[in-house]
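Good morning, colleagues. Please take a moment to look at the sequence and the structure on the screen, and then we shall go through selected residues and contacts in turn.

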Amino acid sequence: MRIYLVRHGDAIARETPGVDSDAERWLTDLGREEAGWTANILKQLGVKPDLILSSPYVRAYQTERSSVGSSGRRRRRKRATT
């Protein structure tokens with residue numbers, strides 16, 4: 001068994017108008033680019049996860065979708081609750 005830990009990409013500032021909680025912060029353009037880099041690295045390593053555990057925070061979900069969730073391969077996903 002192998003376990004890979006992936007941290008979310010760069011996210012908007014906590015003080016951004018209209019953002020009421022830390023959980024609502026989404027990825028910046030840089031954060032989306034970072035998630036793409038992660039996707040390329042995981043692809044080069046041949047990583048094909050059987051299970052993905054993700055925080056319910058918006059930025060974590062966006063990173064997961066961009067980095068390991070875009071291969072089209074069916075996976076079990078579990079988003080943690082706060």
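Asp10 is found in the segment before α1. In this predicted model, the relative accessible area of Asp10 is 35%, and Asp10 therefore counts as partly exposed. Along the sequence, Asp10 and Ala35 are 25 residues apart, while their C-alpha atoms are 9.0 Å apart in space.

Let me place this in the overall fold. The protein chain contains 2 helices and 2 strands, and these follow one another in the pattern α-β-α-β when the sequence is read along. The chain has 82 residues, of which 28% count as buried.

I turn next to the helices. In general, a pair of packed helices is described by two quantities, the angle between the axes and the distance between them. Here, α1 and helix α2, which covers residues 58–67, pack at an angle of about 40°, and their axes are 8 Å apart. How are α1 and α2 oriented to each other? Angles under 35 degrees would count as roughly parallel, and 65 to 115 as roughly perpendicular; α1 and α2 are therefore oblique to each other. The crossing in which α1 passes α2 is right-handed.

One residue pair may be read alongside this packing. Ala39 has its place in helix α1. With a relative accessible area of 16%, Ala39 is buried, because buried means under 20%. Ala39 and Arg65 are 26 residues apart along the chain, and a distance of 9.5 Å separates their C-alpha atoms.

Let us now consider the charged side chains. How many salt bridges does a search of the whole structure find? The search finds 4 salt bridges.

I begin with Asp22. Arg14 and Asp22 form a salt bridge in which the closest N and O atoms are 3.6 Å apart. Arg14 is exposed, its relative accessible area being 58%, whereas Asp22 counts as partly exposed at 25% relative accessibility. Asp22 also meets the side chain of Arg59 in a salt bridge, at 3.1 Å from N to O. This pair links distant parts of the chain, since Arg59 is in helix α2 and Asp22 is in the segment before α1, 37 residues apart.

Is Arg59 buried or exposed? Arg59 counts as buried, with a relative accessibility of 6%. The cut-off for that class is under 20% relative accessible area, so the 6% of Arg59 falls within it.

Trp26 lies in the segment before α1, and its relative accessible area of 37% makes Trp26 partly exposed. In sequence, Trp26 and Arg59 are 33 residues apart; in space, the distance from C-alpha to C-alpha is 4.5 Å.

A further salt bridge is formed by the side chains of Asp29 and Arg32, with an N to O distance of 2.1 Å. At 58% relative accessibility Asp29 counts as exposed, while Arg32, at 40%, counts as partly exposed. Elsewhere, salt bridges that share partners join Arg14, Asp22, Arg25 and Arg59 into one network.

Which residues make the nonpolar surface patch of about 380 Å²? The patch is made by Tyr4, Val6, Ile41 and Leu45. Two of these residues deserve a brief comment. Val6 lies in the segment before α1, and α1 itself spans 29–45. Val6 is partly exposed, at a relative accessible area of 40%. Tyr4 is also placed in the segment before α1, and with 39% relative accessibility Tyr4 counts as partly exposed.

Tyr4 and Pro49 are 45 residues apart in sequence, and their C-alpha atoms are 8.8 Å apart in space.

Note on methods. Residues are numbered from 1 along each chain as its sequence is written. This is a predicted model: local features need pLDDT of at least 70, side-chain atom pairs count only at pLDDT 80 or more; totals for chains, interfaces and linings use all residues. Side-chain values use heavy atoms; hydrogens and water are left out. Patches are made of residues with over 30% relative accessible area and no salt bridge: like charges are joined within 9 Å, nonpolar side chains (Val, Leu, Ile, Met, Phe, Trp, Tyr) within 5 Å. Accessible areas come from the Shrake-Rupley method with a 1.4 Å probe; for residues, only the protein chains shown count as cover. Helices (H or I, at least four residues) and strands (E, at least two) are DSSP runs, numbered from the N terminus. Buried means under 20% relative accessible area, exposed over 50%, partly exposed in between (1.4 Å probe, protein chains only). Axes are lines fitted to C-alpha atoms, for helices over the stretch in contact, and angles run from 0 to 180 degrees between N-to-C directions. Angles under 35 degrees count as roughly parallel, over 145 as roughly antiparallel, 65 to 115 as roughly perpendicular and the rest as oblique. A crossing is left-handed if the near helix is turned anticlockwise from the far one by less than a right angle, and right-handed if clockwise.
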